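User: Hey, I'm new to reading protein models. Can you walk me through this one?
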Amino acid sequence: MAKKKFYVVWMGHVPGVYTDWKSAKQQVDGYKGAKYKSFPDRGQAEAAFKNGFGSYMKQALSASSGNSSLPRPRQSSFPTTETIIGKSISVDAACSGNPGRMEYQGVTTSGKRQIFHRAFPLGTNNVGEFLALVHGLAFLQKQQQPDLPIYTDSKIAMGWIRKGKCKTTLPRNAKTEELYALIDRGEQWLRDNKITNPIYKWKTEVWGEIPADFGRK
């Protein structure tokens, strides 16, 4: 049986000590510069939270010179913004079943004007989110807008973009060949082009649904 851990969130949506990772994760997801760490018992966690992040870091860095095993606190790896940047685009995907009929779109964040839209008879939501990001990046490159931000609410798609690979397990067959042809083109585009547009995680828990949402929830 895994040992119970306690999670300190120094910087997050609601700082505090949490007894399960799911609750702690909700506080750091989408929070730029989130600082948090797990501890093996409640006493250590409460003391670390009470003393503050600066005190913990000072202790950790001091102890590290003496071969301490104290790890550095983790930081969120999905960048976001403190407030919504209106001059940007937002992308999202929707799937009727997973897999099922899938579509994705890109819109202006301010005004929600549709910029592009594609639909496929069979796909997954994650694939749609990935393709929407690639489509958005390629679109902005053609429009010669290399600095315009893109918002997405999918951390999976952000991770796939970083890797340059759509890590889907969707079977490749006659029903998905058109979709896979677009995936192949998307991956090739990522290999051939440098990404200059910042990609930000949309804070759904703070701002509500992303402007590109299809409204099916």
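User: How many residues does helix α6 have, and how far does it reach?

Analyst: Helix α6 (residues 177-192) has 16 residues. From first C-alpha to last, α6 reaches 22 Å, close to the 22 Å expected at 1.5 Å a residue. That expected span is 1.5 Å times one less than the number of residues. Helices (H or I, at least four residues) and strands (E, at least two) are DSSP runs, numbered from the N terminus.

User: Is this an experiment or a prediction?

Analyst: This is a predicted model: local features need pLDDT of at least 70, side-chain atom pairs count only at pLDDT 80 or more, and totals for chains, interfaces and linings use all residues. Residues are numbered from 1 along each chain as its sequence is written, and side-chain values use heavy atoms, with hydrogens and water left out.

User: How do β6 and β7 pair?

Analyst: Strand β6 (residues 100-108) and strand β7 (residues 114-123) are antiparallel, with seven bridges. Two strands count as paired if DSSP finds at least two bridges between them. Met 102 has Phe 120 in β7 as its bridge partner. The two strands make a hairpin with five residues between them, and Gly 111 in the turn has a positive phi of about 105°.

User: Which residues have the most contacts inside the largest nonpolar core?

Analyst: Tyr 104, Phe 130, Leu 131 and Leu 179 do, in a core of 32 residues. β5 (89-97), β6, β7, α4, α5 and α6 each give two or more residues to this core. The largest share, nine residues, comes from α4. A nonpolar core is a set of buried Ala, Val, Leu, Ile, Met, Phe, Trp, Tyr and Cys residues joined through side-chain atoms within 4.5 Å.

User: What about α5, which residues are buried there?

Analyst: Ala 157, Met 158, Gly 159, Trp 160 and Ile 161 are. The buried residues of α5 pack against α4, β8 (150-152), α6 and β9 (199-201). Just after α5 comes Gly 164, with a positive phi of about 70°.

User: Switching topic: which residues does the UniProt "binding site" annotation cover?

Analyst: The unreviewed UniProt entry gives Asp 92 and Asp 213. They are spread over 122 residues of sequence, yet the largest C-alpha distance is 5.7 Å. UniProt positions are in the numbering used here, feature names are shortened, and annotations may be inferred rather than shown by experiment.

User: Where is Asp 92, and why does Asp 92 count as buried?

Analyst: Asp 92 sits in strand β5. Asp 92 counts as buried because its relative accessibility is 2%. Its contacts beyond four places in sequence include Glu 103, Tyr 104, Gln 105 and Asp 213.

User: And Asp 213, buried or exposed?

Analyst: Buried, with a relative accessible area of 18%. Asp 213 lies in the segment after α7 (204-207). Leaving aside neighbours within four places in sequence, Asp 213 contacts Asp 92 and Gln 105.

Conventions: Buried means under 20% relative accessible area, exposed over 50%, partly exposed in between (1.4 Å probe, protein chains only). Contact means heavy atoms within 4.5 Å.
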